[in-house]
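Please keep the structure open beside this note.

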Amino acid sequence: MTDERALLTIDAHRESVRLLTEAGGGEVLERDGVMLYANRHPMRFIINGVIRTDRGTPPAEVLGAARDFFGPIGRGYELLCLEGWDDDLRDFAAAAGHTIGSPDPLQVIESPPAPLGPTESSSLD
């Protein structure tokens, strides 16, 4: 993935997370190259997490921000790492004892999909 595509992918994902979190009554905090988001449900993945928004932010600072944000509210969180972009962050988290899940790359649509036509079961009645 090119750096430009990685940045666009991260930005799009970050914005969708922000909108969904705020719409659900959650809290989003973005500062110092890190975005933290906590929804009203305590589930630690998908809806509570951390995204490094500036590749120059050291991994220790990312995990420190997560600890400071989630610790007081007693929540676990998901650390989102884009493969090939956040490998240093993933490796640092693993060395610090965090569980590393299987890769789940963000997806990019390079062109609009073909329009879907009516199917046999379509009906306007």
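This is a predicted model: local features need pLDDT of at least 70, side-chain atom pairs count only at pLDDT 80 or more; totals for chains, interfaces and linings use all residues.

1. What does Arg14 touch, once its neighbours within four places in sequence are left aside? The contacts are with Glu30, Met35, Ile51 and Thr53.

2. Ala23 also has its place in helix H1. Is Ala23 buried or exposed? Its relative accessible area is 69%, so Ala23 is exposed, since the term applies over 50%. Along the chain, Ala23 and Asn39 are 16 residues apart, and their C-alpha atoms are separated by 9.6 Å.

3. Turn now to helix H2, with its 12 residues. From first C-alpha to last, H2 reaches 16 Å, which is close to the 16 Å expected at 1.5 Å a residue.

4. Which residues of H2 are buried? They are Pro59, Val62, Leu63, Gly64, Ala65, Ala66, Phe69 and Phe70. As background, an α-helix has 3.6 residues a turn, so residues three or four places apart point the same way.

5. Two packed helices are described by the angle between their axes and the distance between the axes. For H2 (residues 59-70) and H3 (residues 87-95), the angle is about 60 degrees and the axes are 9 Å apart. The crossing of the two helices is right-handed.

6. Which residues make the contact between H2 and H3? On the H2 side they are Pro59, Ala60, Val62 and Leu63, and these meet Asp88, Leu89, Phe92 and Ala93 in H3. Sorted by class, the contact has seven nonpolar residues, one charged residue and no polar ones.

7. Last, the chain as a whole. The protein has three helices and four strands, and from the N terminus the order is α-β-β-β-α-β-α. Of its 125 residues, 28% count as buried. Among contacts between residues at least 6 apart in sequence, 49% join residues at least 24 apart. The protein exposes about 8,500 Å², and carbon and sulfur atoms supply 54% of that area.

Terms used: Residues are numbered from 1 along each chain as its sequence is written. Side-chain values use heavy atoms; hydrogens and water are left out. Buried means under 20% relative accessible area, exposed over 50%, partly exposed in between (1.4 Å probe, protein chains only). Contact means heavy atoms within 4.5 Å. Accessible areas come from the Shrake-Rupley method with a 1.4 Å probe; for residues, only the protein chains shown count as cover. Axes are lines fitted to C-alpha atoms, for helices over the stretch in contact, and angles run from 0 to 180 degrees between N-to-C directions. A crossing is left-handed if the near helix is turned anticlockwise from the far one by less than a right angle, and right-handed if clockwise. Ala, Val, Leu, Ile, Met, Phe, Trp, Tyr, Cys and Pro count as nonpolar, Asp, Glu, Lys and Arg as charged, and the others, Gly among them, as polar. The expected span of a helix is 1.5 Å times one less than its number of residues.
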